[in-house]
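This note is for a colleague who meets the structure for the first time. Please read the points below alongside the sequence and the model.

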Amino acid sequence: MNPTNDDLFEEDLDLPDPIAQQRFNALVGLDSIKIRLAKEAELILQPKLLEDWSIRAHGAILPAVGWVTGRPPLMIFAGDVGTGKTTLAETFADAIARRHRIDVRVKRLSLRARGSGAVGEMTRLIGTAFDALLREARSAGSGRPTVLVIDEADALAQSREAAQMHHEDRAGVNALIRGISQIAAERLPVLVIMCTNRADALDPAVRRRAAAEFTFARPDDAQRAAVLSTVFDGVGLTNRQIANLADLTSSNGRGYGYTYSDLVDRVLAATCLAAYPDRPITADLIAEQIRANPPTRPFSDQ
């Protein structure tokens, strides 16, 4: 049975989109990554921007521009679970779409592309997925930049050096590399973003091809305070109360603190549910829910 796009991709996201913008803005504490990512991605998705800059600044297109725009259109987002990798990958292009008044499509590769392990299946599915992506990118008059998000990328791009790796998986990695190389060769406006909790498990050839690799860490004291201040805006917390709550979400002898998703998906939700329907949210109530909802453990290969 031949796979269809519905089998290989999740539902597309067309940007700009108000929900994507809201999700992007909610990623507090990732400003340094956001700034660098915006520049890197902008020049991969719209290489003419760098050429225009070179002409304005130097009166000609510098040879350096060709080197920069000729890089493989691949970025790696690596870090622990809950640190914002996938959300940023799916939403960062909303800001680019708004700034340049263009449409950007986000496509998410399904883990179904890994197949069931049958000989040749993974290679065929990945090849089919990239063929569909390339056809769409080449379509006449399209010109619409596309971001392909590959979540849990280590499931598709595991190092071929691994002793236990099956031949079929090695062939699948080769197909993935070929697809990315084809995008680069044709200079198509497509950016591939691989998200992984295990960067060291990725194939070295994949990592070498990445134009940039971003590391996502658990938020520090200032970042946790910023998140708490944002999600509990309007509650009336003082700076001292926010600082105390941020301290409660630190490592506190565990060796690891709260992730962004721990704060938003667990502490915030638990606090709202505890207050509903007849109590206001207070610093004491938030502290109570922090103690009742410890942080998730760091991802481990063990």
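1. Some conventions come first. Axes are lines fitted to C-alpha atoms, for helices over the stretch in contact, and angles run from 0 to 180 degrees between N-to-C directions. Helices (H or I, at least four residues) and strands (E, at least two) are DSSP runs, numbered from the N terminus. The model is a predicted one, in which local features need pLDDT of at least 70, side-chain atom pairs count only at pLDDT 80 or more, and totals for chains, interfaces and linings use all residues. Residues are numbered from 1 along each chain as its sequence is written, and side-chain values use heavy atoms, with hydrogens and water left out.

2. Helix 3 and helix 7 (residues 93–100) pack with their axes 10 Å apart, at an angle of about 65°. Helix 3 passes helix 7 in a right-handed crossing; a crossing is left-handed if the near helix is turned anticlockwise from the far one by less than a right angle, and right-handed if clockwise. On the side of helix 3, Ala38, Ala41 and Glu42 meet Ile96, Arg99 and His100 of helix 7, where contact means heavy atoms within 4.5 Å.

3. The sheet is open and has 6 strands in the order 1-3-4-5-2-6, with mixed pairing. Its edge strands are strand 1 (13–15) and strand 6 (212–216), each of which pairs on one side only. On average, neighbouring strands of this sheet are turned by 20° against each other, direction ignored. Two strands pair if DSSP finds at least two bridges between them.

4. Strand 3 (residues 104–108) runs parallel to strand 4 (residues 146–150), and 4 bridges join them. Strand 1 pairs with strand 3 in the antiparallel sense, over 3 bridges. Arg105 is the bridge partner of Asp14, and in strand 4 Arg105 has Thr146 as its partner. Arg108 stands opposite Val149.

5. How many of the 5 residues of strand 3 are buried? The count is 5 of the 5, so strand 3 is largely enclosed by the rest of the structure. Buried means under 20% relative accessible area, exposed over 50%, and partly exposed in between (1.4 Å probe, protein chains only). Val104, Val106 and Arg108 point one way from the strand, while Arg105 and Lys107 point the other way.

6. Helix 3 (residues 31–45) also lies across strand 2 (74–79), strand 4, strand 5 (190–196) and strand 6, and runs at about 155° to strand 6. Arg36 lies over the face of Phe214, at 4.6 Å from the ring centre. A charge sits over a ring if NZ of Lys or CZ of Arg is within 6 Å of the ring centre and within 35 degrees of the ring normal.

7. There are 2 aromatic pairs. Rings of Phe, Tyr and Trp (its six-membered ring) pair if their centres lie within 6.5 Å; planes under 30 degrees apart count as stacked, over 60 as edge-to-face and the rest as tilted. The rings of Phe77 and Phe214 are edge-to-face, because their centres are 5.6 Å apart and their planes stand at 85°. Phe77 and Phe216 form a tilted pair, 5.2 Å centre to centre with 45° between the planes. Phe77 lies in strand 2 and Phe216 in strand 6, so this pair ties together parts 139 residues apart in sequence.

8. Ala137 is found in helix 8 (residues 121–138). At 12% relative accessibility, Ala137 counts as buried. Not counting residues up to four places away in sequence, Ala137 touches Leu188 and Val190.
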